[in-house]
Amino acid sequence: MSVKALFQLEGKVALVTGGSRGLGLQVAEALGEMGCRVAITARKEAELDVAAQHLRSQGIDVLAVPCNLAQFDSIPGLVGRVLEHFGEIDVLVNNAGATWGAPAEDYPDEAWHKVMDLNINAVFYLSREVGRRSMIPRRAGKIINVASAAGLRGTAKGVSTIAYNTSKAAAINFTRALACEWGRYNINVNAICPGYFSSRMADAQIQRMGQSLLDRIPLERVGGEEDLKGIAVLLASEASRHITGQAILVDGGASVSA
């Protein structure tokens, strides 16, 4: 197989959660450009419709399915809708996520559960549903979990995001454990760990940290609109056929900076 063929995704079907904006929309664009038919889901229907229109303007075959993944009983219906429309799911991108800032000693119970429910519980339930209804029967699939560099460390001084960091650490080890279990089905499971990327969730913190943040990043910038596309295509394609259980940092080098 040629190198170009290894990266091609023509005719594949990808389901991207949190696909209406930010990193999810960036990944949907990348997979669609490489030939995927793309299903995107998010909680807010109006934002989802705008994203779908944007993707269609790029010539991408897209299905938009509103869904609140924190309502776990909605997950089988989401998967069923995608399978009914496209017939299969080749690539699952677990991107939807939430955060909440509060000191650990004052952290509200509802905030802890909100973050954990979306960032790790929904990831398990959706992966299980897609696995047993599409990937395992066909003995093929790619699962990409969007974790975070925050899942590999604590927090910076003055940052209180204990649930987010904990949930992303869980997502990384979930990736490793599921890769071990589902390798026998020819399913690759990997995680992308972004550092600071400009997004609605992260922009306030990026602005607050200012130059001190950039000083810790060897490439001297935060992630942008093109910076997750390459790794997403790699992990969704046959080019990553012998890569599984990995957590790949995309952080401008911040994790290796002194």
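Predicted model: local features only at pLDDT ≥ 70, side-chain atom pairs only at ≥ 80, totals over all residues.

Residues are numbered from 1 along each chain as its sequence is written, and side-chain values use heavy atoms, leaving out hydrogens and water.

Helices here are DSSP runs (H or I, at least four residues), numbered from the N terminus. How far apart are the end C-alpha atoms of α5? They are 41 Å apart, which agrees with the 44 Å that its 30 residues (109-138) should span at 1.5 Å a residue; the expected span is 1.5 Å times one less than the number of residues. After α5 comes R139, with a positive phi near 55 degrees.

Axes are lines fitted to C-alpha atoms over the stretch in contact, with angles from 0 to 180 degrees between N-to-C directions.

| Pair | Axes come within | Crossing angle |
|---|---|---|
| α2 (residues 22-33) and α9 (residues 229-236) | 9 Å | roughly 55 degrees |
| α4 (residues 75-86) and α5 | 10 Å | roughly 40 degrees |
| α5 and α6 (residues 162-182) | 8 Å | roughly 20 degrees |

Angles under 35 degrees count as roughly parallel, over 145 as roughly antiparallel, 65 to 115 as roughly perpendicular and the rest as oblique. α5 is therefore roughly parallel to α6. On the α5 side, the residues that meet α6 include W112, M116, F124 and G131, and among their partners in α6 are Y164, F174 and W182; contact means heavy atoms within 4.5 Å. By class, this contact has 15 nonpolar, five polar and two charged residues. Ala, Val, Leu, Ile, Met, Phe, Trp, Tyr, Cys and Pro count as nonpolar, Asp, Glu, Lys and Arg as charged, and the others, Gly among them, as polar.

Now turn to α4 and α5, whose axes cross at roughly 40 degrees, so α4 is oblique to α5. Their contact includes I75, P76 and L83 of α4 together with Y125, E129 and R133 of α5. Its residues divide into nine nonpolar, two polar and two charged.

Finally, α2 and α9 are oblique to each other. Q26, V27, E29, A30 and L31 of α2 touch K229, A232, V233 and A236 of α9, giving six nonpolar, one polar and two charged residues.

Definitions and conventions:
Helix = DSSP H or I, 4+ residues; strand = E, 2+ residues; numbered from the N terminus.
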